[in-house]
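Subject: Structure handover, with notes on salt bridges

Dear colleague,

I am passing on the structure below, and my notes on its salt bridges follow it. Please read them with the model open beside you.

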Amino acid sequence: MTIPAGLKDGPIYLDYNATTPVDPQVLEVMWPYFQQHFGNPSSTHVYGSVAHEGVDRARQQVASLLGSEAKDIIFTGGGSEGDNLAIRGAALTANRGKHIITQVTEHPGSLNICRALSRLHGFQVTILPVDRSGLVDPAAVEAAIMPETCLITIMHANNETGTLQPIAEIAEIAHRHGVLMHSDAAQSVGKIPTRLDELPVDLLTIAGHKVYAPKGIGALYVRQGLQLEPIIYGGGQEAGRRAGTENIAYIVALGAACMAAQEQLVESQGRLRQLRDLLQRRLEASLPGSVHLNGHA
């Protein structure tokens, strides 16, 4: 990305798992949708058509990064909303029972909606432990499945440690037992490959501000044919799952950010790995015996 002006003369910023600055190129793409292309995408006149085309293009760009169809992408207000739509939406429409499996280091957006489903709708929630490196054991996931299990929700990459969970293996276990699988991939999208042919989940969450788009925009991949209870009730926007006039500029920004991530992924992955390893080596050399890796090696 182009370095934003605010980072050039300020302190070194190393908190990119918390948020990223908006890429100046992304900002350039989204800006016309505040004034020039301001139409409501549900309108049939030319202003609405241009806005609708912007949404369609962004949906295709997000889908391309994930290796899905554009119609599988639902735009949301961010990662937490995506987790809520996925978990609540799937749980309330499932016909298997009222049992959800998750793990203890999930993002609060996932853990708290599971607790709300338990409190408000009588769901049973199994919260599995992780080992010293932050990994959940797939065998423990399988052992926790019961006839009433309707959903397993386990994040792809942890937001604090970076630990990568064995999502492909867990998804295979889930589907073998007829259980839906959701993964919060907010921290992995744009940093490592997150292709759905390798991560065969039913639902996958993206947060825009982790991938150089603005805060307040995200996306949820929903496997074709899967029914979800809406997160917002109203009109038919986002296939009826998230009502309300679309945030066109931010949607366009997310699409542009995903396109840039796809184009730069191979180069950026190698560059970031080298920087990560260099930092760790220098810390260990400067502070011998005092540096502990919190996560998986």
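By about how much of the helix are Arg271 and Glu267 separated in helix H9? They stand about one helical turn apart, because 4 residues lie from one to the other along helix H9. Helices (H or I, at least four residues) and strands (E, at least two) are DSSP runs, numbered from the N terminus.

This is a predicted model, in which local features need pLDDT of at least 70 and side-chain atom pairs count only at pLDDT 80 or more, while totals for chains, interfaces and linings use all residues. Residues are numbered from 1 along each chain as its sequence is written, and side-chain values use heavy atoms, with hydrogens and water left out.

The whole structure holds 7 salt bridges, each being a side-chain nitrogen of Lys or Arg within 4 Å of a carboxyl oxygen of Asp or Glu. Arg271 and Glu267 form one of them, at 3.3 Å from N to O.

Another joins Arg242 to Glu81, with the closest N and O atoms 2.6 Å apart. This pair links distant parts of the chain, 161 residues apart, with Arg242 in the loop between strand E7 (218-222) and helix H9 (248-286) and Glu81 in helix H5 (residues 79-93).

Arg223 and Asp202 also meet in a salt bridge (2.6 Å, N to O). Asp202 has 3% relative accessibility and therefore counts as buried, whereas Arg223, at 30%, counts as partly exposed; buried means under 20% relative accessible area, exposed over 50%, and partly exposed in between (1.4 Å probe, protein chains only).
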